[in-house]
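Let's take a walk through this protein together, one part at a time. Have the sequence and the model side by side as you read.

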Amino acid sequence: MFDQLFGSKTRVKLLSLFLNNPDRPYYVREITRKVDEQINSVRRELSNLLAIGIVRSDSTNNRLYYEVNKKYQFYAPLRAIFTNISLDEPQLKETREDDELAKKLRSSGNVELAFLTGTFVRDHKASTDIFIMGDVNRSRVNKVVQEVEKELNKEINFTIMTPEDFEYRLSLNDRFLTGILESKKIILVDETKADIRPVAARLKEDPVDIPVAEDTGSQKEESKE
């Protein structure tokens, strides 16, 4: 259905990848692996999305990255559509990577706060790449991170804090903690608030939810302090 609506299977996969993971830049070969399509097809659709203005590109360290353009006039309604597509759509499941990562982290214990920063948002000054606050099994978290490293083919730094340590450091205005809390990030889990959605990673700057009509027919753990 979505293929027919948006013109091609590859385009639907790209839109789902970008709109479900805003603030997450990808390079071409990474996109190709995520959507499991031929690189020529991916390049062609990226060119189309760039021309339309849904996607923007930027070069960092001699590598061209693509990410969704949140200033695109139909960004909010498109994101509402793609974050509400059922995960039963198998061809789109891999494009909801932050959902999948959040689920894996939640399986490690009681995660109260988790977000991606650093390499995931091209902030190379950030002190860590994945931050987790909660009572978790560190071995399980380490296994999850190893899977992410294998996927990205690069080393990932992550930090775990217990709720008690988090509160203590927060009370002291700990430089490491305040630094990463103020950094650019993609929130995976935030049980410290009451508006958590068990769907796609949500960003603070996301617009207010846009209702979609229902289908009535249907450690190396590294803390760089």
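Of the 225 residues in the chain, 49% are buried, where buried means under 20% relative accessible area, exposed means over 50%, and partly exposed lies in between (1.4 Å probe, protein chains only). Before going further, please note that this is a predicted model, in which local features need pLDDT of at least 70 and side-chain atom pairs count only at pLDDT 80 or more, while totals for chains, interfaces and linings use all residues. Residues are numbered from 1 along each chain as its sequence is written, and side-chain values use heavy atoms, with hydrogens and water left out.

The chain holds nine helices and seven strands; these are DSSP runs numbered from the N terminus, with helices (H or I) of at least four residues and strands (E) of at least two.

Let's begin with helix 2, residues 9-20. Helix 2 is mostly covered, with 10 of its 12 residues buried, among them Leu14, Leu15, Phe18 and Leu19.

Lysine 9 meets glutamate 37 in a salt bridge, at 3.7 Å from N to O; the term stands for a side-chain nitrogen of Lys or Arg within 4 Å of a carboxyl oxygen of Asp or Glu. Because glutamate 37 sits in the loop between helix 3 (28-35) and helix 4 (39-52), this pair ties together parts that are 28 residues apart in sequence. Lysine 9 is partly exposed at 37% relative accessible area, whereas glutamate 37 is buried at 15%. Lys9, Lys13 and Glu37 are also linked in a network of salt bridges. Next comes arginine 11, whose salt bridge to glutamate 45 brings the closest N and O atoms to 2.8 Å. Glutamate 45 belongs to helix 4, so here the tied parts are 34 residues apart in sequence. Glutamate 45 is buried, with a relative accessible area of 6%.

Now for the strands, which count as paired if DSSP finds at least two bridges between them. An open sheet of three strands runs in the order 1-3-2, with antiparallel pairing. Strand 1 (26-27) and strand 2 (55-60) are at its edges with a single partner strand each, so one side of each has no neighbour in the sheet. Six bridges join strand 2 to strand 3 (residues 63-68), and arginine 56 has glutamate 67 as its bridge partner there. Elsewhere, strand 4 (residues 109-116) pairs antiparallel with strand 5 (residues 130-136) over seven bridges, and antiparallel with strand 7 (residues 186-190) over four. Leucine 113 is opposite methionine 133 in strand 5, while phenylalanine 115 partners isoleucine 187 in strand 7.

Which residues of helix 7 are buried? They are Val141, Asn142, Val144, Val145, Val148, Glu149 and Leu152. These cover an arc of only 160° around the axis, which puts them on the same side of helix 7; the arc is that of the directions from the helix axis to the C-beta atoms. On the other side, Ser139, Lys143 and Lys150 are exposed. After helix 7 comes asparagine 153, with a positive phi near 60°.
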